Amino acid sequence: MVIPAYGNQEKLDLTLAALAAQTYPTELMEVVVVDDSSSPALRLPELRPEHTRLVVTTQESWGSAHAVNTGVDHAEGQVILRLDSDMVAWRDHVEAQMRWHHAADYLAVLGHKRFVEWQDGARTPEQVYEKIVCGEGHSLYEIESSRPHWIETVIDDTDGLTVHNPGIYRVFIGATGSLHRDLFKTVGGLSTDLRLGSDSEFAYRLAQAGAVFVPEQTSSSWHLGIPQMQQKEAEGRAQRLPYIAQRVPLHGMRRTAPLRAWRVPHVDIVIDVGDHTVADVDAALAPVLAGTDSDVRITLVTGQAPPRHDREAILSGEGAQLRLIEEMYDTESRVRITTDEPEADPAVPFRLVLPKPVPLRPGSITGILATAGREDAGLVLAELPGSAPARFERTAAFSRARHIAPGEDLDRVVAGIWGAVTHKGLAAPEPGNTAFTPNRAGAARRLARRFLNARQRARLRSLLRR
C-alpha cells in the first residue's frame with residue numbers, strides 16, 4: 001500500500017489507525033508512507049499497521065505523482081493500493097479490493113468513499129481504531145451530511161462500469177484504488193510532468209493497456225475534508241485542461257478544441273509506400289492533413305534504406321521517389337518516414353494500417369471512427385481496391401486481448417470480446433485535389449488566358465471588382 005502525503009500529520013494519524021484495524025492479514029499488508037518533503041517532516045505514529053515504513057521523496061520532483069511513483073519503487077507487494085493520507089478506511093476496505101486481484105492481473109479496482117467536513121481534533125487515532133476494529137466505521141461520521149464522489153454518477157449510468165464507454169477511465173482517480181504492480185510498471189507509472197490531473201492521464205493509459213475498471217462498493221471509507229479540486233472546480237479545470245488535452249485524445253475537451261497538432265494524436269496512420277510515387281502518397285495524405293481528420297500522426301514505411309543524395313544517385317535516378325517524398329513532408333510535423341513499420345504506440349487510441357497508399361476521401365478517418373464507435377468494434381477492416389483491406393485497430397481492444405489470451409490469434413480474440421466489422425468508403429475512386437492534381441481553371445478563366453494578355457486580364461479583374 002502506498003500513501004502519498006504532504007503535511008496534515010493529524011489526518012495521517014487517523015488514516016494509519018484505520019489501517020491498523022483492517023481485516024486483511026497483517027503479514028500480507030505493507031504500508032509505505034511517502035512524505036513529499038513536508039515541513040515540518042511527517043512522522044509515523046505509534047498506532048499503525050505492523051509493516052509500515054516512512055520514505056521521503058527526493059528533491060528532483062514534487063507532487064502526488066512523484067510521491068506515488070517513489071512509494072511503488074520502495075514497495076515489495078504484488079498489488080499496489082494507493083490510499084490518500086486523509087482517508088479513513090472501513091474495516092474490510094483493503095480486503096474488499098484485494099479479492100478482485102485474485103481473478104485477473106489487469107483489473108483497476110476503485111475503492112468507495114464519502115467526503116466529510118474536517119474539524120481538527122474531532123477524533124483521536126484511538127477512537128478511530130476502536131470504531132473500525134468493531135466494524136462500526138460507518139458511524140464515525142453522519143452519512144446524511146457527507147458528500148458522494150461524482151464518479152458514482154458514471155458508475156450508475158454504466159451499470160457498474162459494465163457498459164462500454166471510451167471515457168470510463170475517468171473514474172479511476174486518486175484517493176483509493178488498486179492494481180497489480182506489473183500493470184503499474186507496464187504503463188510507466190504516473191507522469192511527473194503533470195502537477196494536476198496526473199491520475200486522470202494515468203487512468204487513460206491504463207485503459208489503453210487493456211485494464212478493466214471495477215467499482216468495489218461493498219466497503220467504503222471517509223475522505224477527511226473536501227478536496228481542493230472540488231472547492232476550486234473551475235480554476236482546477238482550467239489548470240488541467242492544456243496538460244490533459246495534449247495527452248488524452250479521448251477526453252471530451254479535446255474533441256471540441258480547434259484543429260491542431262497534439263502531443264498524442266487520436267489516430268496513428270501507417271502506410272506502406274513501397275515503390276509508389278510521391279503523387280500516390282500525397283493523394284492519400286492531402287485529404288487527411290488538410291481536412292477535419294487532422295488529429296493524426298502518419299508514418300510512411302518505405303521498406304528501404306534512406307535514399308542517397310550523392311551525384312551518382314541523382315544522375316541515375318536511384319531513390320528519386322523517396323527523395324521527393326522526404327522533401328514533400330520535410331516540415332510537416334505530423335508525418336514521419338521510417339524504413340520499418342513501428343510498434344503500435346500504446347498511448348494512441350486508434351491505429352489505421354494501409355497496405356499501400358490509396359486516395360482517401362475527405363472525412364474518411366472520421367467515417368471509420370464512426371463505424372468503430374457505432375459498432376463498439378475493436379477491429380474494422382476497410383475494403384481497398386486491388387489489395388488486402390486496411391486495418392483499423394482499437395488499441396485498448398488489442399491490449400485486452402493480450403491479457404486474456406496471450407499467444408493466440410489476436411484478431412479472433414478481439415472479434416470475440418469487442419467485435420470486428422467491415423467498412424466501405426475509406427478510399428476514393430480518384431485522387432482529390434493535391435499539389436499534383438490541382439483544380440482545373442474554370443471556363444471563363446481559360447477563355448481569358450487564351451484571348452487576353454496579362455495587362456488586359458488585370459484590367460478585367462479590376463472592372464469586375466467594382
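These legends accompany close-up views of a predicted model.

**Figure 1. Overall view of the chain, with 18 helices and 17 strands.**
The C-alpha trace spans about 100 × 60 × 45 Å along its principal axes. The radius of gyration of the chain is 29 Å, whereas a compact globule of 466 residues would have a value near 23 Å. Of the 466 residues, 48% are buried. When contacts between residues at least 6 apart in sequence are taken, 74% of them join residues at least 24 apart.

**Figure 2. The largest nonpolar core, made up of 39 residues.**
Within this core, Leu110, Leu161, Phe172, Phe202, Leu206 and Phe213 touch the most other members. Two or more core residues come from each of strand S2 (31-35), helix H2 (64-74), strand S6 (107-111), helix H5 (151-157), helix H6 (181-186), helix H7 (198-208) and helix H9 (233-247). H7 contributes the most, with five residues. Another core lies apart from this one and holds 34 residues, including Val273, Leu300, Leu322 and Phe350. In soluble globular proteins, nonpolar side chains tend to be buried together.

**Figure 3. Surroundings of phenylalanine 213.**
Residues up to four places away in sequence are not counted in this view. The residues that phenylalanine 213 touches are Ala108, Leu110, Leu161, Ile168, Tyr169, Phe172, Ala203, Leu206 and Ala207. Among these contacts, Leu110, Leu161, Phe172 and Leu206 are, like Phe213, listed with the core members that touch the most others.

**Figure 4. Helix H2 and the elements that cover it.**
Eight of the eleven residues of H2 are buried, and the helix is mostly covered. The buried residues are Ala65, His66, Ala67, Val68, Asn69, Thr70, Gly71 and Val72. Their cover includes strand S1 (2-5), S2, strand S3 (52-56) and strand S4 (79-83), together with the helices H6 and H7.

**Figure 5. Tryptophan 262 in its loop.**
The loop that holds tryptophan 262 runs between helix H10 (252-255) and strand S11 (267-272). Tryptophan 262 counts as buried because its relative accessibility is 16%, and buried means under 20%. With neighbours within four places in sequence left aside, tryptophan 262 is in contact with Ala245, Gln246, Arg254, Ala257 and Asp295. Alanine 75 is 187 residues away from tryptophan 262 along the chain, and the C-alpha atoms of the two are separated by 35 Å.

**Figure 6. The second largest pocket, with about 460 Å³ of space.**
The lining consists of 23 residues, and His164, Asn165, Ala211, Arg400 and Trp418 lie nearest the pocket centre. At least two lining residues are supplied by each of H7, strand S9 (212-216) and helix H15 (395-404). H15 has the largest share, three residues. By class, the lining of this pocket has 16 nonpolar, four polar and three charged residues.

**Figure 7. The largest cavity, with a volume of about 170 Å³.**
The model has two cavities of 30 Å³ or more. The lining of the largest one comprises 18 residues. Nearest the centre of this cavity lie Arg82, Phe172, Gly174, Gly177 and Phe202. S4, S6, strand S8 (176-180) and H7 each provide at least two lining residues, and S8 provides the most, with three. Eleven of the lining residues are nonpolar, four are polar and three are charged.

S6 and H5 are the elements that give two or more residues to the lining. H5 gives the most, with three residues. The lining divides into four nonpolar, four polar and two charged residues. Leu110 is also one of the residues that phenylalanine 213 touches.

Conventions. Residues numbered from 1 in each chain as written. Predicted model: local features only at pLDDT ≥ 70, side-chain atom pairs only at ≥ 80, totals over all residues. Heavy atoms only, no water. Core = buried A, V, L, I, M, F, W, Y, C linked by side-chain atoms within 4.5 Å. Buried < 20%, exposed > 50% of the residue type's maximum accessible area, 1.4 Å probe, protein only. Helix = DSSP H or I, 4+ residues; strand = E, 2+ residues; numbered from the N terminus. Contact = heavy atoms within 4.5 Å. 1 Å grid on protein atoms, 1.4 Å probe; cavity = no way out; pocket = protein on both sides within 12 Å on 5 of 7 lines; lining within 4 Å. Points joined across faces, edges and corners; volume = space filled by probe spheres on them. Nonpolar A, V, L, I, M, F, W, Y, C, P; charged D, E, K, R; others polar. Rg over C-alpha atoms; globule rule 2.2 N^0.38 Å.
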